[in-house]
Amino acid sequence: MTQSEEALSRNPGGTLGANLMRRWMLLKGAVQRKGQTQGGTSFSSDFSTMAKQDPMDSQNMDLSWEVRANDRQFHKRLQRRSVLCFRKGKYADNVVRSYKYSPLTFLPLSLYEQFQRTANVFFLLMVILQCVPAISTLQWYTSMIPLLMVLSVRGLKDLADDLARRRSDTQINRRPCEVLNSQGFSSAQWQDICVGDVLRLHADQIVPADLLLLCSSEPHSLCYVETADIDGETNLKYRQALAITHQELSTDPIEPALLAFNGSDSKILQNCGRLVVKRTQVEIVLNRGVIGIVVFLLLSALLLAVGSGVFESQVSPHSEVLSALRGDHSPAYRAFLTFWGYVILLSPAMPMSLYITFEVIHVFLSLLISWDLDLYEEESETPAQARSTVLNEELGQVGYLLSDKTGTLTQNRLLFRQCCIAGFLYGAMPDTVEKPEFPQPLDLSWNPYSCGGLQFYDQRLVDRLRGQQCPETREFFTALALCHTVMAERREGVLVYQAASPDEGALVGAARDLGCVFLSRTRDSLTLSEQGNTRQYQLLALLDFTSQRRRMSVLVREPEGGLKLYCKGADIVILERLQQNCIHRESTERALELFAQGCLRTLCVAVRSVKEELWEEWSQVLSQVATATRYREDMLEQLYNNMESELTLLGVTAIEDRLQVGVPETINTLRQAGVKVWVLTGDKKETAVNIGYSCSLLDPDTTLLQAEELRQLLQSPDPEISLSKGNESGYWGKDRKREGNRMALVITGPELVEMEEKPDWGKRFVALSKHCQSVLCCRVTPGQKAAVVQLVRKHTSAITMAIGDGANDVNMIKTAHIGVGLSGMEGSQAVQNADYSLAQFRFVGKLLLVHGRWAYRRICIFLRYFLYKTSTFALVHIWFGFYNGFSAQAMYENWFITLYTVMYTILPILSVAVFDQDISAKASMHWPELYQVGQRQELFNPWQLSAAILYSTYTSLVLFFIPLGVFHYSALDYQTFAVTVATAAVFTVTAEVTLQTGFWTKYNAIAVFLSLAMYFVSTVILHSPRLHAAAPTDYYFPGASLNAFANPLLWLITLLTAFTAVLPSLTARALALVLNPMDTHRVHSSDPASSRGTLEMQARFRRGDLHRRSSYAMSQGRGFGRLITSGVGLRSTAPQQGGEQTAGKTSPEPGHKLEQEDTSALRTSR
Amino acid sequence: MMKKKEETANRPDNTAFTQQRLPAWQPMLSAGIVIPGFVLIGMAFIGIGVALFITSRNIQVLERDYTGDESNSPCNTCTHSSPDCNCVLNFTLSKLFEGPVFFYYGLSNYYQNYRRYGVSRDDSQLSGDVAYFKNPDSNCAPYRVDSKSVPIVPCGSIANSMFNDTFRLYHIVNGKEMEVPFDGKGIAWWTDYNVKFRNPSLVNGTLKAAFDGTVKPINWPKPAYELDPTDSSNNGFLNQDFLVWMRAAALPDFRKLYRRITQGDYAAGLPAGNYSLKITYNYPVLSFGGRKKIVLSNVSWMGGKNQFLGIAYLVIGSLCIVMSMVMLIVYAKFKFPDDGS
């Protein structure tokens, strides 16, 4: 039946900052009856003490907390209201508000946000300065127009985003639900729900709030929740109503839930981490560089101002003309004004258009990602999507890829692939089944219960099963059908299994398809249909699974009366409990190895015939132990152990935890690209390690550093040294000496907690991880996933990328530099919060190696060049200053300064930034090593930036002094000089960009010609007499350009200047070519297949010495077998691990407290 | 062609543009192209350099400083005397100075490109807009209005500081001075004369009346409408000398065209012989260390004499050649050991 907890999202306070997030849970089960009021239940929180309303029984009286359920008036009063920044009330309402602006707040808020960018403030300052007549060296519009454009473009973009958010909010807020009022349940919208409401939920409903289960229509008030939107896992979690409410309400069962928290108070929202504005490393370097440039410019302006002061005090007093101009002001005041004048003049070195263009390129590169057919999944018709458009270049620098496992690496689909029964191997290796020549899937039409989907290809098994000649085979599947904790349910006539462990689900499902059908269970019986014959087994005992025992057993009485113990578990555990002379042991062990090579997960299945006397004796002890108060667990363990001995091996199951398509190949490529892949999963260690091997994250001979070993290493002050010492002393084994890199760290959630407490450990851990090929973090909560990302970010300078598909990955996705959400079948939570969304994990390869690498290259080239070209043309003013009495005379006409960056020189670099490919996409994938250029930040770092500035200084010197040599003591005037230098500047930077262009598409060529043409045409137009006549002060260069262009001298100067200016760049390129003749041809000429091929072969070959891997993937930890066998299912040992996978488990937020107190409530109410 | 499936709405377009498969030319340079390339560019530059150098050398230039700060200078007496002081500069041409000969005056250390000097003018006024005669632009300060607040026309510092030395050149033939005719027409830019500068519309048929209510620039001896007493059309804002002066120089050392010698016997050039230049010395430059020169020059296709450009081309061209040599050596050093092994 139903019920739930959690969910929903919105951003705290509904104001600034957060993304749209939604968490939903799909409820399984069915609500059957209507109920009446009074869902009084126990929930408490640290912050609400409500008037006790309805004492339920005497046991409740002594509790310190009280409940007011279903009292709208009461809770309405406590509802949080906010007026501006004042908040009143305790509880948020349940309206999703992910929008940021209201009509009133849009303008101030959006302006406020925009002016948080230092660049915008800088430009605003420039505009203000230009409006001061005394210092205005340029017209006000040279900066004002671009600034207004930037502000309005960004503002409009924000507005559009916000409107989209509003629309989707409304959609979600209007979803219906049923709320209890005095007339019974009436339908309402989720947005109107408030804390304390009693709700009725139906099967398969989405629940956007934290709820407390009061009762459900299932026995024991169980309900199953799917938390795919929260943690990305599709297996069901069970929740149980509290004892007290169950008892109270079971006589007249209703199925309400009490709303505990909603809105921004909900557990997942409290736990989802805050939205951080992401900045790329390149941007950080750029911003630092910009600050550096600005400081440099200010310094230059200062020096020029000093020069001006000297000039004003030494030279101009002697000149009647100049001293008259100075007026009454002192030289110092003049110098002060000159300083600001030069600040304005030099500010184009740091143009606003850089930021606009940067954004345009980002958007275009993002579009290229979403346009890429290789990143488009045909099946689900999902293209890749770049939700954030600012991180493209960072895709080319990723050093750490932190991946979720379930649903990301694996499909979260377990397939019964092979089995070994009585020494016979059935089924085919997973590698080979994809081939078309392989036989058709089994014909299972004889089995009415078969639901298809069994990917098992061996007719022999079916023949044996049906042919009745092989009792072991039958018993094997009987064991699979009996030994589990799966719940069966008939839904519309179809048998549906609900399994807490996906492994169990797969095994029971496989047994069903092969004719050994588990039909139903009661507290003490199991009904099976074996090849059509219905048989009922009496369930005597269920020896539950724990992660220590790594096995589970059932003790049943067969219809014929015999007692059987069926046991399944990890191979080591089972094999050591077998009878002495087990006949199939050797062949089974061989099979285990074979399965391990196929990266299959194995479980051994065994049986024991139990004598009646033994059972009686054992059950007596069991009932004693069950009532024991001390050491009960230990005694139980001992008792179980006694029973699970003398086993007869039936066989081995091999389950494939299906990887997503192309995962091993992708991970292999990424590893070669130098990307460290870490896996963070809520699953247990065995599962994670297993997947690690199968997705080629770990090599077969990789040694795992874990638990104690790891702890020792971390305790030593310098883990790297002790690691190498260990190598020398042979402590780590000889293998490791040979293969220094073949190590992997395995760490679990509790160890992470421990690590957080010891500040040094984190650093050592990360340092250690650099020597390992991978790190697996198991049993981690969403919060810890984020903490791991934070750890990496803190201790390395590398770029982290987190990839996941569930809501439990949201935190990590938001914490990492780049978050990637997989838009698989799971919820949309991860995608909503991710920067990129992909349909498949394998697309990460192309995303990083091709799009990322290209984007990094393009953006670095763009930024370097852009700063070069703007500084080049602005720095000329410094040199000119020495020849005009430091008077802040502009070297160019105003219009040239305005249009230079945005019109005359923008197109060529834009087309480079958009089209450039140093090597093709195919070659990028074949040579992952090239990716390391980005990781090492080789293309854009402070050195590169300084080099660019130095080069532009040189160029500006050339640009000024070569024309100076000609104009010196000539009859040519200032305007001709200005046009000459401007033309030379345009030609120089265009020449430079043609050198940068290594990939000439037709657009590049058009761009070069077009931008030059634009320069000439618009210069001539702007210098036309007609415009001058219309506005003499704005167009004050009439005829200057035509006059200059008609002068051959201008062309000679331009040619010489442009060539001299690019000569260093040209020489450097030529020298690089001469020194490294093979370099450019290497990638193109060598055959990518050859070296890669042998590598692959080695890996295959080495699989021989694989360690066997056997495990039981209980993603929930302890099973809930006890619940099944106990009468009411309501015991004080109600599963405490139940919430392990949900988002809030370890969070210190109120949600956590609720959970703890749930348990205590149970205890007290017993 | 590739359309096997029904194209869905989500499916990206399969075009060369969206899939980044645009056909492109990737220049695959090698040492075999680069080194000869450098040599070729170097040769070309040297070629241009040589041509420029020769052209420049063929240009005749005669330069005489007449600042007069040295005691033996003929204009020494004028440096501290009243306006309209006359001095004579004699020089001898040993051979024919080929025509057309351009006569320049040159100033040094004179900051015509000083920013606030450059903006100290009213372009609207200079385009003949009478509205600005009454209220000149504020940029003209402190030469906007005179002490009695009467607007100055033409206002501003540039106009006020107009160069006002005058020159007359005499060819001494057999002891007799023959005046070399100067051509003062068309020495200003076409756009300046026809577009940028316009006289105000005549009032009562005279230019003088159009300037009513204004005063002449403080330093000027005569108002704008009386700049050229010999040619009435060369007055007002359209006076050629005024136009030339108003076109500000690029650098503090500059020369400006004064006259051309294109007429009469001297159209082919100045014959060898003795000449005397009579200078009316008005313009003070000594206070700020400036210098005044006269320059006689003929011009080529590349304008006046300019050694710099030719030499610069030669230097850069040689640099390219040197660079290619270095590269060749480096290349040989790196390449041949490989070949040997």
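Select Asn1004(A) to begin: setting aside residues up to four places away in sequence, Asn1004(A) touches Ser911(A), Val912(A), Phe915(A), Thr997(A) and Phe999(A). The model in the viewer is a predicted one. Asn1004(A) belongs to helix H38 of chain A. Because its relative accessibility is 2%, and the cut-off for burial is under 20%, Asn1004(A) counts as buried.

**Colouring by confidence**

Next, colour chain A by pLDDT. The chain averages 75, and 75% of its residues score at least 70.

**The boundary between the chains**

Now display chain A and chain B together. How many residues of chain A are in contact with chain B? The count is 87 residues of chain A, in contact with 81 residues of chain B. The two chains bury about 7300 Å² between them, and 66% of that area is on carbon and sulfur atoms. On the side of chain A, select Leu325(A), Tyr969(A) and Val1074(A): these residues lose the most area to chain B, together 11% of what that side buries. Two salt bridges are counted between the chains. To view a salt bridge, select Arg247(B) and Asp973(A), whose side chains meet at 2.6 Å, N to O.

**The nonpolar cores**

Move to the largest nonpolar core, which has 208 residues; Phe167(B), Phe242(B), Trp245(B) and Leu270(B) touch the most other members. The largest share of this core, 18 residues, is supplied by helix H31 (residues 843-881) of chain A. Centre the view on Phe167(B). Leaving out residues up to four places away in sequence, its contacts include Tyr66(B), Phe103(B), Tyr105(B), Phe182(B) and Tyr258(B), as well as Leu277(B), Lys278(B), Ile279(B) and Ile294(B). Another core, of 48 residues, lies apart from the largest one, and among its members are Leu461(A), Leu514(A), Val554(A) and Leu603(A).

**Strand E20 and its partners**

Six of its seven residues are buried, so the strand is largely enclosed by the rest of the structure. Strand E19 (residues 533-543) of chain A pairs with E20(A) in the antiparallel sense, over five bridges. Across this pairing, Leu542(A) stands opposite Val554(A). E20(A) also runs antiparallel to strand E21 (residues 563-569) of chain A, and seven bridges join them. Here Met552(A) stands opposite Lys568(A) of E21(A). Follow the chain between E20(A) and E21(A): five residues separate the strands of this hairpin, and Gly561(A) takes a positive phi near 110°.

How values were computed: Residues are numbered from 1 along each chain as its sequence is written. Chains are lettered from A and ligands numbered from 1 in the order in which they are written. This is a predicted model: local features need pLDDT of at least 70, side-chain atom pairs count only at pLDDT 80 or more; totals for chains, interfaces and linings use all residues. Side-chain values use heavy atoms; hydrogens and water are left out. Buried means under 20% relative accessible area, exposed over 50%, partly exposed in between (1.4 Å probe, protein chains only). Helices (H or I, at least four residues) and strands (E, at least two) are DSSP runs, numbered from the N terminus. Two strands pair if DSSP finds at least two bridges between them. pLDDT is the predictor's confidence in each residue, from 0 to 100. A nonpolar core is a set of buried Ala, Val, Leu, Ile, Met, Phe, Trp, Tyr and Cys residues joined through side-chain atoms within 4.5 Å. Contact means heavy atoms within 4.5 Å. Buried area is the accessible area (1.4 Å probe) that two parts lose on being put together, summed over both. A salt bridge is a side-chain nitrogen of Lys or Arg within 4 Å of a carboxyl oxygen of Asp or Glu.
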